[in-house]
Amino acid sequence: MLKDGERLEPLGNGIEIIVSDFYHFSTDTILLADFSRADKSKKAVDLGTGCGTIPFLWSRTETKSEIHAVEIQPEACDIAERSRVFNKLDNIKIVNADLRELKGVLPYGYFDLVCCNPPYKIAGGGVKNPDDEKLLARHEESCTIDDITLAAKNLLQFGGRFCLCQRPERLVDVLESMRKNSLEPKRLRFVQQRRDKKPKLFLVEGRRSSKSGSLIVEPALFIEENGSWSDEMKAVYGSYKEGYVE
């Protein structure tokens, strides 16, 4: 089942996924999976799923939700599909597709939740990685924020939720794009490493075609407190790698 350079990563509750040097995940992924909470939804989509981490994290506690994991890179889809088979999760469907071209691939106006952990760097910005896989993951080479919010708008039913994480410097871009595509921002939360550090990430949730206004800015999430993992981060990690978070 495993190919050269691959390994199994335990996510908790008996679920393990295949990761490699190219296809893996970070704390941001775990935070977004927790923030979006697929157990509140019956039909969910993860856009740009990579090796499928978010759908598998969702499935630690919820295996009845219908989950579609969309990824443009065939190699990542292969890893995610082998993980799906290994975990015997028939509720997850891996979809090898461009999120800009989902008409006829996934039903429009059907889903309760669309989630995305997008590239953080604007196309043409920063030093580009020569590896195509990392370039697509880190830079807006295959999609932009507008592409993502438009795809979410098309996929969501009225009142459906869209959840995304991004770097604070992109906040205005994200909120502007969400409103342009009828995804009204309703929840916003910043993530800080420690209380004395500036935010390193934000998590945002919007509602499809919802009334404008009423944005709730939640208290910041601190990853560390008093020199160790915060109690909230321990709760977010949950059963992921028992004993990993002390």
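## Pocket lining and ring contacts

Helix H1 (27-36), helix H2 (53-58) and helix H7 (231-237) each put at least two residues into the lining of the second largest pocket. Keep in mind that this is a predicted model. H1 gives the largest share of that lining, with 3 residues. In total, 14 residues line the second largest pocket, and Asp34, Arg37, Leu57, Arg60 and Thr61 are the ones nearest its centre. Sorted by class, the lining has 7 nonpolar, 2 polar and 5 charged residues. As for volume, the second largest pocket comes out at about 240 Å³.

Now for the rings. The count of aromatic pairs is 3. Two of them are set out here, among them the pair of tyrosine 110 and phenylalanine 111.

| Pair | Centre to centre | Angle between planes | Type |
|---|---|---|---|
| Tyrosine 110 and phenylalanine 111 | 4.9 Å | 90° | edge-to-face |
| Tryptophan 229 and tyrosine 237 | 5.3 Å | 65° | edge-to-face |

How exposed are the partners? Tyrosine 110 is partly exposed, at 29% relative accessible area, while phenylalanine 111 is buried, at 0%. In the other tabulated pair, tryptophan 229 counts as partly exposed with 25% relative accessibility, and tyrosine 237 counts as buried because its 3% falls under the 20% cut-off.

Tyrosine 110 has the charged end of lysine 43 over its ring, 5.1 Å from the centre. Over the face of phenylalanine 35 lies arginine 187, at 3.9 Å from the ring centre.

Note on methods. Residues numbered from 1 in each chain as written. Predicted model: local features only at pLDDT ≥ 70, side-chain atom pairs only at ≥ 80, totals over all residues. Heavy atoms only, no water. Phe/Tyr/Trp six-rings, centres within 6.5 Å; stacked < 30°, edge-to-face > 60°. Buried < 20%, exposed > 50% of the residue type's maximum accessible area, 1.4 Å probe, protein only. Lys NZ or Arg CZ within 6 Å of the ring centre and 35° of its normal. 1 Å grid on protein atoms, 1.4 Å probe; cavity = no way out; pocket = protein on both sides within 12 Å on 5 of 7 lines; lining within 4 Å. Points joined across faces, edges and corners; volume = space filled by probe spheres on them. Helix = DSSP H or I, 4+ residues; strand = E, 2+ residues; numbered from the N terminus. Nonpolar A, V, L, I, M, F, W, Y, C, P; charged D, E, K, R; others polar.
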